[in-house]
Amino acid sequence: MKLSLQRQMMENLIIARARQDALQRKMEERRLRLQEEANRRFAASGAMTVEEQEQRRLYTNVLEYEQDHDWPKLWKTSMKEYPDDVTLAPRLVSYLLSRSDHPVVKLLRKHQYSVYNRLYPIISSAAAHSPAPQPTPSHSDHSLLQTGQSTAVSSSPSPSRHNLHTSGEDEEEEEEPHTQALVEREHSFEDLEQFLTNLDWTPPEGSRIDDLCSDSNLTFDPAVLKECQVQELEMRALKEHLKAVVKDIHIAIDQLLSLALLSFECLNTAASKDLCLACIEEAFFTPLWTALVALFRKVNVEREQAFQSSMTLYREASPRDVGVSIKLFPPEPGTLQGSYPYECAVLELKLLLNDYCPQKKLECLIRTLRMICACAEDYRSLHDGDASPTTAAIGADDLLPILSFVALRSQCPQLVSECAALEEFIHEGYLIGEEGYCLTSLQSSLAYVESLHAAGAQLPPDTLL
């Protein structure tokens with residue numbers, strides 16, 4: 001019986017090995033077949049660049065994914081059967097971004113960690129030199145997505161250390177072991193958020209060196225001069241680092257959009273493409289925006305300090321003190337019953353800091369300018385006694401002073417860096433539209449506010465502190 005059992009066991013092992021070999025052959029045949037399909041798709045351009053080779057590899061991953069999952073086929077069929085249904089495209093993109101195992105989402109997570117790894121050392125070192133107490137290390141798997149904002153793709157996965165330390169199923173992680181090693185640090189996205197909350201953006205100790213360097217009566221102390229040179233070199237390195245991060249983000253967004261459109265050709269229309277890009281940007285920027293703006297603030301610290309000085313100096317100034325026409329604010333302070341002119345626009349502008357996606361911030365900025373125009377109409381009617389004016393109350397020359405007043409009242413120096421970041425990441429199609437006009441107007445107003453503290457001595461005493 002022992003011999004019989006041993007013989008039966010050997011037969012079962014041989015059968016199992018044969019089945020395993022057959023399965024491996026089938027998997028290899030499928031891989032080659034999908035590879036040939038990807039080659040046919042990208043063979044028209046002749047010799048492929050490195051980027052095209054990477055795109056072909058990613059597209060092969062998409063084809064392999066679709067062999068094992070039915071939902072992409074179902075969505076494609078629905079898009080073909082109901083081409084006039086405008087709700088299908090946003091639902092498809094949202095569902096795509098909610099599938100953590102799809103190649104598009106894996107690529108999204110890979111790029112997010114790449115950007116995070118470039119931001120983390122600088123932001124965490126800034127917090128280490130902050131006078132605020134250091135946070136205790138956390139091993140939580142949550143990301144900065146926990147800041148409480150609502151997103152259109154709320155079901156999309158956020159990066160986590162758990163996802164990063166899986167069994168290595170992602171080919172991207174196998175091909176870039178140095179990237180994985182960088183991510184395997186003690187702190188997670190949540191730790192970076194704790195670091196950012198401890199950043200103190202009051203003038204740092206380095207500002208004392210700036211004052212010494214700009215002092216006309218300074219005797220050339222070699223030690224002070226060396227500190228000035230070191231600080232200048234550090235700022236130059238920060239700017240170069242920021243430029244590289246911005247470039248990496250643009251490349252990442254382009255790759256993600258390209259792969260999404262390759263996965264679902266039904267989205268490759270003008271309207272659906274814009275929608276897909278907006279959803280990808282929201283999913284990409286939401287967990288990273290706070291850290292990204294922190295780097296912008298380090299680069300723009302001098303501008304924010306100038307803005308802060310102007311806000312302190314002009315915190316009680318009236319609209320007239322910053323050039324607003326007398327017809328565009330109430331003639332009597334008591335008319336507003338305890339509030340101040342354009343208060344609703346100020347409150348709306350502050351909400352810009354609560355969003356974590358460039359598109360959402362631009363929408364907030366548009367609402368702010370519309371509120372300014374509505375308030376200006378109301379204030380002019382108080383002067384003219386006309387409840388329904390036939391012409392617009394303000395033009396571009398009137399808008400900038402009002403927007404400067406609103407920026408002053410917001411008490412948010414961070415707006416300087418927020419606008420600098422928006423300028424880098426605003427979509428090209430918005431530059432000549434309403435969004436681009438609003439952003440340019442706010443940037444001009446912020447630059448004017450930054451310069452106000454230098455001319456503060458020219459104001460009447462009763463308009464200052």
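**Exercise 1. State the accessible surface of the protein and the share that belongs to carbon and sulfur atoms.**

Solution. Step 1: In this predicted model, the accessible surface of the protein comes to about 25,100 Å². Step 2: Carbon and sulfur atoms hold 54% of that surface. Step 3: Turning to burial, 43% of the 465 residues count as buried.

**Exercise 2. Describe the secondary structure of the protein and the share of its contacts that link residues 24 or more positions apart.**

Solution. Step 1: The protein contains 19 helices and zero strands. Step 2: Consider the contacts with a separation of 6 or more; 79% of these are made by residues 24 or more positions apart.

**Exercise 3. Locate Ser 410, classify it as buried or exposed, and list its surroundings.**

Solution. Step 1: Ser 410 belongs to helix H17, which spans residues 396–410. Step 2: A residue is buried under 20% relative accessible area. Ser 410 has 1% relative accessibility and therefore counts as buried. Step 3: A polar atom of the Ser 410 side chain lies 2.6 Å from the backbone oxygen of Ala 407. Step 4: With neighbours within four places in sequence left aside, Ser 410 is in contact with Val 346, Leu 349, Lys 350 and Leu 415.

Note on methods
Residues are numbered from 1 along each chain as its sequence is written. This is a predicted model: local features need pLDDT of at least 70, side-chain atom pairs count only at pLDDT 80 or more; totals for chains, interfaces and linings use all residues. Side-chain values use heavy atoms; hydrogens and water are left out. Helices (H or I, at least four residues) and strands (E, at least two) are DSSP runs, numbered from the N terminus. Buried means under 20% relative accessible area, exposed over 50%, partly exposed in between (1.4 Å probe, protein chains only). A polar contact is a pair of N or O atoms within 3.5 Å; within protein, one must be able to donate a hydrogen and the other to accept it, and residues adjacent in sequence count only if both atoms are side-chain atoms. Contact means heavy atoms within 4.5 Å. Accessible areas come from the Shrake-Rupley method with a 1.4 Å probe; for residues, only the protein chains shown count as cover.
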